Amino acid sequence: MRRQRNLAASIGGWSARHRWAALLIWIGFVVTATLVGNAVGTASMKGYESNNGDSRRAAQILDGADFPDVAGETVLIQAQSPADFRSAAEDVRKAILATGQVENVRTPYDSESPAPISEDRRTALVLFDMKGEGKTAGERVQPVLDAVAKVAEDHPGLRIEQAGSASSNRLIGEAIDEDFVRAELISIPLTLGILLAAFGALLAAVVPVALAMTAFFAAGGLLAFTSQLLHVDSATTNLMLLIGLAVGVDYSLFYIRREREERAKGRSRERALKIAAATSGRAVLISGITVIVAMAGMFLTGNGVFMGFAEGTILVVLTAVIGSLTALPAVLSLLGDRIEGRAIHGTVRLATGGRVTWRRRLGGRAGGGRFWNTVLSAVLRRPVVSIVLAGGLLVALAVPAFDLKTGEPGINDLQGDYPIAETFKRVDAAFPGGNEPAQVVVKAADVTAPELTRAFDDFKTEALATGEANEPFNVSVNPDRTVAVVSIGIKGAGTADEVSEHAVRTLRDSVVPATIGAVSGVEAYVYGHVAGAMDFNDQLDRTVPLVFVFVLLLAFVLLLASFRSLVIAVKAILLNLLSVAAAYGLLVLVFQKGWGEELLGFESTGFITNWLPLFLFVILFGLSMDYHVFILSRIREAYDRGMRTDDAIATGIRSTAGVVTSAALIMVAVFAVFSTLSLLTFMQLGIGLAAAILIDATIVRAVLLPASMKLLGDWNWYLPRWLNWLPQLSHGDDEDSDVLPRERVLTAVS
């Protein structure tokens, strides 16, 4: 069958021949996209777009209700035994009013709308609002915090502490933001350091990072345009940096290593670049398409956050692929051998004037290094034993995944020394559900009409009578009196636990329909933290199977078309699923069962954050395909040039071992940085990604892949006759005269 034109080779060849034009086009694209994108601005998600089901409808009503933007605050007053808090509550009132920053102060001793006091008379609350816009209240809350702290000093027998949206934003939000900034600042130098250690050449270390960062900036600019149609969450750009750095560096590594390898064989600069474009360039193209397919699966969730993540990651992967196929060969053509410096008396002198005092050959050793050569030799000599041992280890790691429990992150998700977090927990203990009450969003022509006022009273009575709801109870009305928010505390931890979820179901199924919902012309939806988590989980339950089928099916089709092998495609899917399952099991052991608490310094919540399993699946499936496609391309290339399958396996694995190890180390290091953040969710994300990449690049790619291919032999390339219509794509440089392609060998023999 006639081979199809190698698109990556054509693009790379043009860029190498017209290097200045290619570079100017890339730089112009990056600068234009970044500047224009910044001018346009990225459109952030509206509040309701992250919700699903009834919660989304409730949030949409609130979005158009024009409620005042108010930051509510709480002062906890607590004693070891029942006490009269009147004096302390009055002191708190006077102190915070004296700051001039608060209004609507309520204490338990007010005649109208008193603040709550616990049933055991050990805890009381003082409630108030910050003046001005709620979103900027954190900037003005410090004098109030100082005033409350002074009152606490005057009442040493009582615990007096403040918590709320403004104070948490001041004391927690800023710390978390600093965490992210620190993680991002560490990631880039860390990547450079690993590349420098791997290459021993400054330019060779800088080029991959430069490509990744320019791709990230360009993708960020493009996101400003696409987000006008599909709004994105604020965390999307953080994720884009993470993924952009990973794939951008990987693609550059693949390309540079192959170009240097060909130069080490004595080929000319032009010839080496041409071969790199035809081989590694094509692997980058296939890998990029596969990653994009995996990320696109998140569109099927129907959740705004996931869809925004898909949008951002697809853009950054796409720009990284384009940059790798165009700008990278132009840079390599321009730099030539200067990318790895010149060895003079054991020291590498760089064109930039920098020095690295050890030497690395970017072409790598022919055998792939002593360690990997030893491992591969053992694996190919005993493939059955290797599969049993490595496969057994991964299956053992995957078994705990069957016990995976998901949950909605709450205040316990915050790790580290944050006294305000303990205050929230004490409020929750004294007033279950008080921090995260259930809310009934009511829309009507006039929510202050007598029949609705009576319905609100009936709702309170019925809800409290169930034993699943409690004080505080509050009704807020918007300025034009068309929307009301009825808030009531619910039993449970307020984090989508069984008790809290049952309370929400009781409100939705029984209490609301019999009271507020019975009034003609009224829309009423139960909303709040727990209700939102329930609706989110229900949405995922419906859509996760679609995402898995979509990603697996399209990845299978891409691999089948790329390698013209049914066995290769099926095996790639199975090995990726096994590595993902092992990562799930490891997460369960470390974070759900708490095996890593002392080592990593966290307190287990007993569950995995509800959005992580799906997110990890699409990210890991996409990124692990980088290595798989790269390795398989080298194996197929060797096989197509006439090598026996066993020899092609050994050649492909050995020739890619060094670059795969370097790429994996970078990903593991970057992802591990996120395990140092203050939120347990991001610790789970960082450890999950780092562990999965490590497993994938070692146990799967270095043991299971070669062992299974060794056992299957020529069956690796099995393709049913009815699929012979698939195009035959080149996995190498067909014009290389050193070895004849398999088709030409067979033709000559016949």
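## Basis of the description

Residues are numbered from 1 along each chain as its sequence is written, and side-chain values use heavy atoms, with hydrogens and water left out. Because the model is predicted, local features need pLDDT of at least 70 and side-chain atom pairs count only at pLDDT 80 or more, whereas totals for chains, interfaces and linings use all residues.

## Helix α14

Helix α14 covers residues 419-430, helices being DSSP runs of H or I with at least four residues, numbered from the N terminus. Its buried residues (under 20% relative accessible area, with a 1.4 Å probe and protein chains only) are I420, A421, T423, F424, V427 and D428. Seen down the axis of α14, these fall within an arc of 155°, taken from the directions from the helix axis to the C-beta atoms, so they line one face of the helix. The face turned away from that buried side carries P419 and A429, which are exposed, that is, over 50%.

## Helices α16 and α17

The axes of α16 (residues 498-514) and α17 (residues 529-563) come within 9 Å and cross at roughly 90°, which makes α16 roughly perpendicular (65 to 115 degrees) to α17. In their contact (heavy atoms within 4.5 Å), S500, E501, V504, R505 and R508 of α16 meet V530, A531, M534 and D535 of α17.

## Helices α21 and α22

Helix α21 (residues 645-673) and helix α22 (residues 680-712) have axes that come within 9 Å and cross at roughly 175°, and the two are therefore roughly antiparallel (over 145 degrees) to each other. Among the residues making this contact are I649 and F671 of α21 and L689 and R701 of α22.

Definitions and conventions
Axes fitted to C-alpha atoms, helices over the stretch in contact; angles between N-to-C directions. Helix = DSSP H or I, 4+ residues; strand = E, 2+ residues; numbered from the N terminus. Parallel < 35°, antiparallel > 145°, perpendicular 65-115°, else oblique. Expected span 1.5 Å × (residues − 1).
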